[in-house]
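Here's a quick briefing on a protein with its ligand. Have a look at the structure first, then read on.

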Amino acid sequence: MMQNQVALVTGAGHGLGQAIALALAEVGCRVFGGDLSWDELQSTKDLVERRKGFFQPAVFDVCDAQAWNQWIETIKSRESRLEILVNNAGGVAGQTHQDVEFVDDRLWDKVIKINLYGAFYGIRAVAPLMKTQHYGRIINISSGAGRSHSLTGIQAYTSAKAGQIGLTRQMAAELGPFGITVNNVAPGFVRSNPATEKQWEAMGEEGQRKLVESIPVRRLGTPMDIAHMVRFLASPETGYVTGQVISVDGGHSMF
Ligand SMILES: NC(=O)c1ccc[n+]([C@@H]2O[C@H](COP(=O)([O-])OP(=O)(O)OC[C@H]3O[C@@H](n4cnc5c(N)ncnc54)[C@H](O)[C@@H]3O)[C@@H](O)[C@H]2O)c1
């Protein structure tokens, strides 16, 4: 049913974004993936093509509104349509916890830009095309931090992800009449990037055991756990689900 649908995934060179690109390509989507690193995008392309899927990479910064518009124009001229947008690029931009009085404006801005502005720029850029086709599936990737608080205590990250959840709801209300759904996936702890890997190591054996025991299904998440939920929300069958935030965290938090 998703055969030949056109999907755009940000942060597709690594971690969850790579898994999302693979999961969408697996069901026949034509996946356009953006990221900062050409080499990482190339590794996603190789993985997708090994499974006979389609993946078109673009080196691209989600904080650059102009680059968004250009990328959408390119996709529009090649494919004439775009069914799925996954705003996945994000993270803590290498930051660690600082007491609030020491948080630097530049670092605060950087995290807010990637996680909140990036999603806003993406939605703004795709909305006209999705409205014309009277169909769209937009999925934003937030975090348990955005629904509650960050385990690593990075203020800007929690604030940006909470803002992105607000953006999800507002866009769902605005774009629903045009056949466009907007939902949000909040992953739990996944060892998919250097920040979570460092966090995992810092916990030590006892901390790791405690974390796993606090998760009802008694295991950490995998990138594919997240990708499968994104693929579900990206499918045509979910047209009556919008403005929702779904935690994919083994039941760690229940809302
Ligand atoms: N891994 C987890 O435990 C976890 C938990 C909750 C939420 N998340 C969220 O899931 C998403 C993916 O996380 P991940 O673990 O796969 O991280 P990751 O670091 O492995 O992947 C993120 C990708 O986004 C790219 N990216 C970063 N800034 C970008 C920018 N400005 N423009 C374009 N691309 C950019 C990176 O290069 C990277 O390839 C993020 O939004 C993150 O906040 C992750």
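Predicted model: local features only at pLDDT ≥ 70, side-chain atom pairs only at ≥ 80, totals over all residues.

Residues are numbered from 1 along each chain as its sequence is written, and side-chain values use heavy atoms, with hydrogens and water left out.

**Overall shape**

- The protein has eight helices and seven strands, taken as DSSP runs (helices are H or I, at least four residues; strands are E, at least two) and numbered from the N terminus.
- Its radius of gyration is 17 Å, close to the 18 Å that the globule rule gives for 255 residues, so the protein is as compact as a globular protein of that length. The radius is taken over C-alpha atoms, and the rule is 2.2 Å times the number of residues to the power 0.38.
- The C-alpha trace spans about 50 × 40 × 35 Å along its principal axes.

**Around the ligand**

- There are 28 residues around the ligand, and His14, Asp35, Tyr157, Ser192 and Asn193 come nearest; a residue counts if one of its heavy atoms lies within 4 Å.
- Helix H1 (15-26) and H6 each give the shell at least two residues.
- By class, the shell divides into 12 nonpolar, 12 polar and four charged residues. Here Ala, Val, Leu, Ile, Met, Phe, Trp, Tyr, Cys and Pro are nonpolar, Asp, Glu, Lys and Arg are charged, and the others, Gly among them, are polar.
- For polar contacts (pairs of N or O atoms within 3.5 Å), an N or O atom in the Ser192 side chain is 2.5 Å from a ligand oxygen. A polar side-chain atom of Lys161 lies 2.9 Å from an oxygen atom of the ligand, while a polar backbone atom of Val62 is 3.0 Å from a ligand nitrogen.
- Taken alone, the ligand exposes 820 Å², and the protein buries 90% of that (Shrake-Rupley areas, 1.4 Å probe).

**Cavities**

- Searching the whole structure turns up two cavities of 30 Å³ or more. A cavity is a set of points on a 1 Å grid over the protein atoms alone where a 1.4 Å probe fits but cannot get out, and lining residues have an atom within 4 Å of a point.
- The largest holds about 80 Å³ of space, and its lining includes His97, Asp104, Trp108 and Gln155.
- Helix H4 (105-133) and helix H6 (155-175) each supply at least two residues of that lining.

Definitions and conventions. 1 Å grid on protein atoms, 1.4 Å probe; cavity = no way out; pocket = protein on both sides within 12 Å on 5 of 7 lines; lining within 4 Å. Points joined across faces, edges and corners; volume = space filled by probe spheres on them. Polar contact = N/O pair within 3.5 Å; in protein donor to acceptor, adjacent residues only side chain to side chain.
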